[in-house]
Amino acid sequence: MRNGDNKKIVAISKIQFKGKRRIDWHAVEIYLKKYIGTCYVVESNKNRIHIGKDFPDEYANSEYTASLKGTLAKAKANAAQNLPQLIQIAEKTQYTPNYKEKHKLDAKYGW
C-alpha cells in the first residue's frame, strides 16, 4: 500500500492492544515472542533482520517505551502486529554502535 507521496505504508487493520490509561506491555511482549527466530529482508537494501530472543523484552520494556503515553504508546503496541511488513518496507537502515554497558556485545547477527 502507498500513501499520497507514493511511499510504502503498512495499514494496521485491527487495534489489538487497547487501554484507556495503560497498554498491557506484558501482552505485547508475549505476542512478539512468535517472531523469535525468524528473519526478514529489507526490500530497499536486502539487509537481513534476524529477530532474537531478547527482542520482545527490549521492544516492550525499553526506556523509550516506558516514556510513551496515550496515542504513541497505542501506536507502538499495535505496530507489533505488522512487524514483518514494517521491516520489509524500512528505508535508510543503519548500524548503530552500542553505547550502554548492557549492550557491550553485539547479537549473533549484529545489533
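**View 1. The buried residues of helix H4 (residues 70-79).** Here we have Ala73, Lys76, Ala77, Asn78 and Ala79, the buried residues of H4. Buried is under 20% relative accessible area, exposed is over 50%, and partly exposed lies in between (1.4 Å probe, protein chains only). Helices (H or I, at least four residues) and strands (E, at least two) are DSSP runs, numbered from the N terminus. The packing partners of these H4 residues are H1, helix H2 (55-61), helix H3 (63-67) and helix H5 (83-88), with contact meaning heavy atoms within 4.5 Å.

This is a predicted model: local features need pLDDT of at least 70, side-chain atom pairs count only at pLDDT 80 or more, and totals for chains, interfaces and linings use all residues. Residues are numbered from 1 along each chain as its sequence is written, and side-chain values use heavy atoms, leaving out hydrogens and water.

**View 2. Trp25 and its neighbours.** Skip residues up to four places away in sequence, and Trp25 touches Ala60, Thr65, Ala73, Lys76 and Ala77.

**View 3. The one salt bridge in the structure.** Glu43 and Lys8 pair up through their side chains at 2.6 Å, N to O. Glu43 sits in the loop between strand E1 (39-41) and strand E2 (48-50), Lys8 in the segment before helix H1 (25-32), 35 residues apart. A salt bridge puts a side-chain nitrogen of Lys or Arg within 4 Å of a carboxyl oxygen of Asp or Glu. Glu43 is partly exposed at 37% relative accessible area, and Lys8 is partly exposed at 36%.
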